[in-house]
Amino acid sequence: MMMATAAMAASSCDRGDTRKKLQITVVFLVRTLLLACIIARGVLALIRVAFRVAVVAPARSLVAVAGAAFSAVNARCAWCLEQAALGRSCTGTVLGDAVVGAMASSWRLLLQGITSLVFLCARGADEYVRPPPSPLVLTAHGKPASHPQQVHISMVGEKNMRISWVTDDLNAPSVVEYGTSPGKYTASATGDHTTYRYFLYKSGAIHHATIGPLEASTTYHYRCGKAGDEFTLRTPPARLPVEFVVVGDLGQTKWTASTLSHIGGGGGDYDVLLLPGDLSYADTQQPLWDTFGRLVQPLASARPWMVTEGNHEIEALPVVGIAPFAAYNARWRMPREESGSPSNLYYSFDAAGGAAHVVMLGSYAEFEEGSPQRAWLERDLAGVDRRRTPWLLALVHAPWYNTNEAHQGEGERMRRAMESLLYEARVDVVFAGHVHAYERFTRIYDNEADSRGPMYITIGDGGNREGLALKFIKGHKSAHLSEFREASFGHGRLRILNETSAVWTWHRNDDQFATVRDEVWLHSLAAGEPAATVASAGGGGGGHPADEL
């Protein structure tokens with residue numbers, strides 16, 4: 001028995017020695033692995049330092065030199081093109097001007113191609129093949145650097161107006177002088193200015209100043225920055241009637257120029273212009289924001305332009321750290337604070353003393369349940385008293401109902417997220433852009449005709465460079481809800497006559513003169529069961545069947 005006990009003790013000692021050796025081995029392996037990691041980190045750090053010294057620093061220097069050279073060449077070419085647009089000589093000789101002009105135009109085309117390629121790689125190609133584009137209308141600025149350009153105005157609250165403009169002089173004052181008589185300014189307002197960079201482009205000083213309180217239906221004369229031309233604006237009325245011009249997907253082509261001439265051809269006989277997205281079609285080519293601002297200045301400086309964003313305003317290039325909507329937010333500041341919105345991409349405002357409430361929605365801001373835009377919209381609509389506000393309008397870029405082949409279904413997610421809110425609030429009309437054609441639907445809710453739902457109108461036919469969306473789908477599931485559709489450029493007008501009645505007209509402008517091609521009378525949903533009477537352009541009965549257009 002003593003021998004058995006001794007054997008057991010020896011076995012126990014052997015097991016203990018084996019366990020101890022195993023622990024020592026594990027500890028050694030772990031320490032070896034940690035040491036290897038420390039050595040590897042040191043080696044990687046040395047490699048990074050060597051890479052920065054041998055590659056990154058010279059590359060940055062090379063990029064800086066290339067950027068400076070690019071900016072110099074680009075600035076000179078832009079100057080030559082601007083001089084040519086103003087009818088001025090760059091070289092003093094006809095032959096020299098021809099050679100320099102050809103070189104500058106080639107440079108511009110090369111730059112447009114490069115930036116467009118980068119943009120397409122960043123956002124993906126459009127699925128819809130469009131007709132050939134119209135030539136751009138590039139509006140030059142030949143005045144001193146301190147003189148204001150790209151002047152436009154927007155409504156801020158009930159009695160104020162924001163004046164926005166750009167100067168090449170970064171030190172120009174952000175001051176607006178104004179009064180009711182030409183050249184006699186009885187008041188002034190001081191605002192602020194900002195600039196932004198986009199790749200190698202740097203903007204001028206973008207000024208914003210709010211003037212007021214102003215009297216309704218009154219003409220004011222004003223001057224920006226204590227320099228340059230005097231401008232004239234007319235404030236909207238304090239009560240009905242009120243008239244809105246609605247135009248989407250504007251751009252800056254010969255088609256755009258035709259649209260603007262027809263809008264302004266009536267002597268400015270409207271009160272507010274509404275634009276549901278896609279303004280300049282700069283698409284990363286930032287100087288096109290400047291030429292667009294100059295093109296629309298005659299109209300945008302005289303009546304308030306209330307805009308919302310489209311897909312062409314996104315311009316995000318995350319690879320080089322450019323955030324979306326950089327140019328749009330800097331240039332087109334809307335009354336978000338006054339409407340309690342956390343973003344410049346969606347807001348609301350009142351017109352005609354509160355008789356009309358207009359909601360500008362953002363197709364490219366979050367809109368799902370729990371999103372800031374959804375929460376804001378719920379609060380905004382809850383604050384509308386339809387006894388005081390008989391008319392409720394909404395604008396969005398991507399249409400929720402669409403029978404055109406272009407952009408099919410792109411607004412569907414937003415429709416599912418927000419349509420019920422607009423329906424419950426009894427919104428009268430929803431305007432959209434994005435599709436480059438005109439289409440008017442009956443009153444709808446959830447893909448069915450509903451007399452208590454909004455009338456949906458797509459008006460993305462302002463004159464963009466991409467051309468018209470020519471193909472409508474005859475067998476589309478919403479075709480029976482589409483009452484009028486036509487692929488032509490034009491603009492619309494909504495004239496609200498009183499608390500119960502309004503008239504909508506669509507003016508086609510690819511004729512020699514603007515032609516009323518579609519007309520419909522609306523009954524406010526706040527006044528009870530709606531009724532709509534449609535007349536064709538010539539004043540005859542019943543509009544054109546959709547399938548014949």
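**Exercise 1. Work out how strand 1 and strand 2 are joined, and how many bridges link them.**

Step 1. Strands here are DSSP runs of E with at least two residues, numbered from the N terminus, and two strands pair if DSSP finds at least two bridges between them.

Step 2. Strand 1 and strand 2 (residues 160-167) run antiparallel, with 6 bridges joining them. Within this pair, Ile153 stands opposite Ile163 in strand 2.

Step 3. Look at the turn: the two strands form a hairpin with 3 residues between them, and Gly157 there has a positive phi of about 75 degrees.

A word on the source: this is a predicted model, in which local features need pLDDT of at least 70. Residues are numbered from 1 along each chain as its sequence is written.

**Exercise 2. Decide whether strand 1 is enclosed or open to the outside.**

Step 1. Buried means under 20% relative accessible area, exposed over 50%, and partly exposed in between (1.4 Å probe, protein chains only).

Step 2. In strand 1 (residues 149-156), 8 of the 8 residues are buried, so the strand is largely enclosed by the rest of the structure.

**Exercise 3. Find the strand order of the open sheet and its edge strands.**

Step 1. The 4 strands follow the order 4-3-9-10, with antiparallel pairing.

Step 2. Strand 4 (187-190) and strand 10 (230-234) are the edges, each pairing on one side only.

Note on methods. This is a predicted model: local features need pLDDT of at least 70, side-chain atom pairs count only at pLDDT 80 or more; totals for chains, interfaces and linings use all residues. Side-chain values use heavy atoms; hydrogens and water are left out.
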